[in-house]
Amino acid sequence: MAGPKGTYDVLPGTEFGAALAVRETLLAPALLAGYAYAESPVFEATELFARGVGESTDVVTKEMFTFSDRADRSLTLRPEGTVGVLRAALDANLHKGQLPVKLRYAGPMFRAERPQAGRYRQFQQVGVEALGLDDPALDAEVVALAWQAFAGLGLRQVRLLLTSLGDPACRPAYRDQLTAFLDGLDLDDDTRRRARLNPLRVLDDKRPEVQAQLAGAPLMVDALCDACRDHLAAVQAGLNALGVPYEAAPTLVRGLDYYMRTTFELVHDGLGAQSAVGGGGRYDGLSQAIGGPPLAGIGWALGVERTVLALRAEGLDVPAEQGVSVFVVPLGAAAKAHAIGLVGRLRTSGIACDLAYGDRGMKGAMKAADRSGASYAVVLGDRDLEAGEAQLKDLREHAQVAVPLDELVETLKERLL
Ligand code: AMP
């Protein structure tokens, strides 16, 4: 029985069975940079997303899973993480303490999109947010953390696309300039409507007939005010200092409305149509848009499933969950009684271990030991027990030694820890 359309299950051996390990690896650089763990509810008031993500965005107009609770309040499953984490931080007054507030998160997001490879209705993101400061050095840190997230997994075909979307001082004039340019083009009604709502989005139109007409379009990077130009230059200098390569992407537009100045996307060339593995940017107006105080912020979100697909596309190992190191095989009732205690002692000593349950005999138990991925098996027969020892089998080297029972834990600790 399959789950709902556009969903998948995380189970050992399934396509995204490594999701947890991938999430942790992606966030490891953020942890090293002082980003604290945050969790906000999976559902929020619908209005929060309408205001925060933007009324005109595809996400809000077409893709939200919205429902009413029993008191007729409109709630929505979060389509992204930033708005909820920002609301939570404001609610807890974190912005009145030490700045920047640095947070990291991971979890499921929900969008009613048309499912296809790399696109799901429930998918997982990891993300970071740095709140309260408008410092280009912080932008560089945040962007670098996204780059390092993928680099840490060994991915080599990720490209970082970077631009500036300007700010309220320079974007309106640019918008007018672009609108005037778009008015002169031969566009269909739907695209015209989109151009009126947000002309920048048209730049992102993938259709060749539209792209051909956009060749001479005015670009935001050419219309930045001095403050935005300096900000972008400082972010680029920071990335250079951090050794993070980026490509200028003057037509980059993001799907969510709240970005300003630093805007970036990470794409993987081995993924076909759904090539974006992550993206983010600065969103200094977002706090006020959701009813909070003026508050600067920058962050990103990375897609966990697409990261797994990218690892496969590059033929890289998907990080595996840590399995057990030791598998204890008792043969006989007295041996089993002893083995239960032994397994307990090994675990207390910090050694991951499992026991051959089910009294399946030597052959079945050794097969289970091999499948467990353990490096060692401890085989304990009733005769071993009488002799006060156990057989320690090195499953990689296929070597075996007898070890006194009271030295087993120490011996395994020496070999494994
Ligand atoms: P966004 O919040 O749209 O900027 O998305 C950030 C990242 O999340 C994207 O770059 C994708 O890697 C991933 N993502 C977004 N939507 C989906 C989806 N429907 N299914 C799987 N991954 C997604």
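Helix α4 is followed by Asn 93, whose phi is positive, near 60°. Helices here are DSSP runs of H or I with at least four residues, strands are runs of E with at least two, and both are numbered from the N terminus. The model is a predicted one, in which local features need pLDDT of at least 70 and side-chain atom pairs count only at pLDDT 80 or more, while totals for chains, interfaces and linings use all residues. Residues are numbered from 1 along each chain as its sequence is written, and side-chain values use heavy atoms, with hydrogens and water left out.

Helix α4 itself covers residues 82-91, and because seven of its ten residues are buried, α4 is largely enclosed by the rest of the structure. Buried means under 20% relative accessible area, exposed means over 50%, and partly exposed lies in between (1.4 Å probe, protein chains only). The buried residues of α4 are Thr 82, Val 83, Gly 84, Val 85, Leu 86, Ala 89 and Leu 90. They pack against β2 (43-45), α2 (46-53), β5, β6 and α11 (286-289).

For the chain as a whole, there are 16 helices and 16 strands. The C-alpha trace spans about 90 × 50 × 45 Å along its principal axes, and 49% of the 417 residues count as buried. Among contacts (heavy atoms within 4.5 Å) with a separation of 6 or more, 69% join residues 24 or more positions apart.

Next comes the nonpolar interior. A nonpolar core is a set of buried Ala, Val, Leu, Ile, Met, Phe, Trp, Tyr and Cys residues joined through side-chain atoms within 4.5 Å. The largest such core has 91 residues, and Phe 264, Leu 266, Trp 300 and Leu 302 have the most contacts inside it. Helix α5 (residues 136-151) provides the largest share of this core, with ten residues. Beyond its neighbours within four places in sequence, Leu 266 touches residues including Ala 146, Trp 147, Phe 150, Val 277 and Leu 302. A second, separate core of 20 residues includes Cys 353, Val 378, Leu 392 and Leu 405.

A pair of aromatic rings is described by the distance of the centres and the angle of the planes. Rings of Phe, Tyr and Trp (its six-membered ring) pair if their centres lie within 6.5 Å; planes under 30 degrees apart count as stacked, over 60 as edge-to-face and the rest as tilted. The count comes to four aromatic pairs. One of them joins Phe 16 and Tyr 120 edge-to-face, at 5.7 Å centre to centre and 85° between the planes. This pair links distant parts of the chain, 104 residues apart: Phe 16 lies in the segment before α1 (19-32), and Tyr 120 in the loop between β5 (101-110) and β6 (122-131). Phe 16 is buried, with a relative accessible area of 3%, and Tyr 120 also counts as buried, at 13%. Tyr 8, Phe 16 and Tyr 120 form one aromatic cluster. Ala 117 has its place in the loop between β5 and β6, and at 64% relative accessibility Ala 117 counts as exposed.
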